[in-house]
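Please follow the account below with the sequence and the three-dimensional view side by side.

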Amino acid sequence: MIGRALDSNNDLLISEGRFRVVQDAPEIIQHVRTRLQFYLEEWFLNLNSGTPYFQQIFTKPVNLANIESILKVRILETEGILKLTEFSMTYEGGSSRQLSVSFSAETTSGTIDNNEVTINV
């Protein structure tokens with residue numbers, strides 16, 4: 001697998017006038033991060049694609065088991081992911097309001113360990 005490299009703001013990385021690329025495990029990690037940060041109905045050309053934050057995650061009362069299940073499925077359905085070996089999530093309230101997901105997985109490019117994705121909520 002090969003893809004265009006993105007920075008922490010999901011902007012394309014360009015070096016010497018060319019797109020930088022990522023491949024293998026780093027590309028899979030970047031793809032997971034992008035999928036988790038992509039909200040359902042965000043893209044007008046495919047309203048059925050994305051993570052259902054407003055529809056199922058940002059609800060009251062909070063159902064942590066449901067949230068964990070949704071996020072695990074999003075990771076497992078990412079191309080290149082074979083198996084989740086570790087998963088945890090934490091929510092930081094207050095002014096930062098961030099949901100952090102940490103995971104390790106077996107992939108088609110080997111094992112990836114302790115990767116964290118932060119979603120600003």
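Arg 33 is located in helix H1, which covers residues 25-37; helices (H or I, at least four residues) and strands (E, at least two) are DSSP runs numbered from the N terminus. The model is a predicted one, in which local features need pLDDT of at least 70 and side-chain atom pairs count only at pLDDT 80 or more, while totals for chains, interfaces and linings use all residues. Residues are numbered from 1 along each chain as its sequence is written, and side-chain values use heavy atoms, with hydrogens and water left out.

What surrounds the side chain of Arg 33? Beyond its neighbours within four places in sequence, Arg 33 is in contact with Leu 6, Asp 7, Asn 10 and Val 117, contact being defined as heavy atoms within 4.5 Å. Arg 33 is buried but forms no salt bridge, and Asp 7, the nearest side chain of opposite charge, is 6.1 Å away. Here buried means under 20% relative accessible area, exposed over 50%, and partly exposed in between (1.4 Å probe, protein chains only). A salt bridge requires a side-chain nitrogen of Lys or Arg within 4 Å of a carboxyl oxygen of Asp or Glu. For charge, Lys and Arg count as positive and Asp and Glu as negative, whereas His and the chain ends are not counted. The backbone of Asp 7 does approach: its oxygen lies 3.1 Å from a polar atom of the Arg 33 side chain.

Among the buried residues of H1 are Ile 28, Val 32, Arg 33 and Leu 36.

Leu 36 leads on to the nonpolar core. In soluble globular proteins, nonpolar side chains tend to be buried together. The largest such core in this model has 21 residues, and those with the most contacts inside it are Leu 36, Tyr 53, Leu 71, Ile 75 and Phe 103. A nonpolar core is a set of buried Ala, Val, Leu, Ile, Met, Phe, Trp, Tyr and Cys residues joined through side-chain atoms within 4.5 Å. Leaving aside neighbours within four places in sequence, the contacts of Phe 103 include Val 32, Ile 75, Leu 84 and Val 117.

Lys 60 and Pro 61 are joined by a cis peptide bond, with omega about -5°, and Pro 61 is in the loop between H2 and H3. Glu 41, although not a glycine, has a positive phi of about 70°; Glu 41 lies in the loop between H1 and H2 and is partly exposed at 49% relative accessibility. Asn 114, in strand S7, also has a positive phi, near 45°, and is exposed because its relative accessibility is 57%.

How many salt bridges are there? The count comes to two. One joins the side chains of Glu 77 and Arg 35 (4.0 Å, N to O). Glu 77 lies in the loop between H3 and S5 and Arg 35 in helix H1, so this pair ties together parts that are 42 residues apart in sequence. Glu 77 is exposed at 54% relative accessibility, whereas Arg 35 is buried at 17%. The other joins Lys 72 and Glu 68 (2.9 Å, N to O), which are four residues apart in helix H3 and therefore separated by about one helical turn.

Notes. A polar contact is a pair of N or O atoms within 3.5 Å; within protein, one must be able to donate a hydrogen and the other to accept it, and residues adjacent in sequence count only if both atoms are side-chain atoms.
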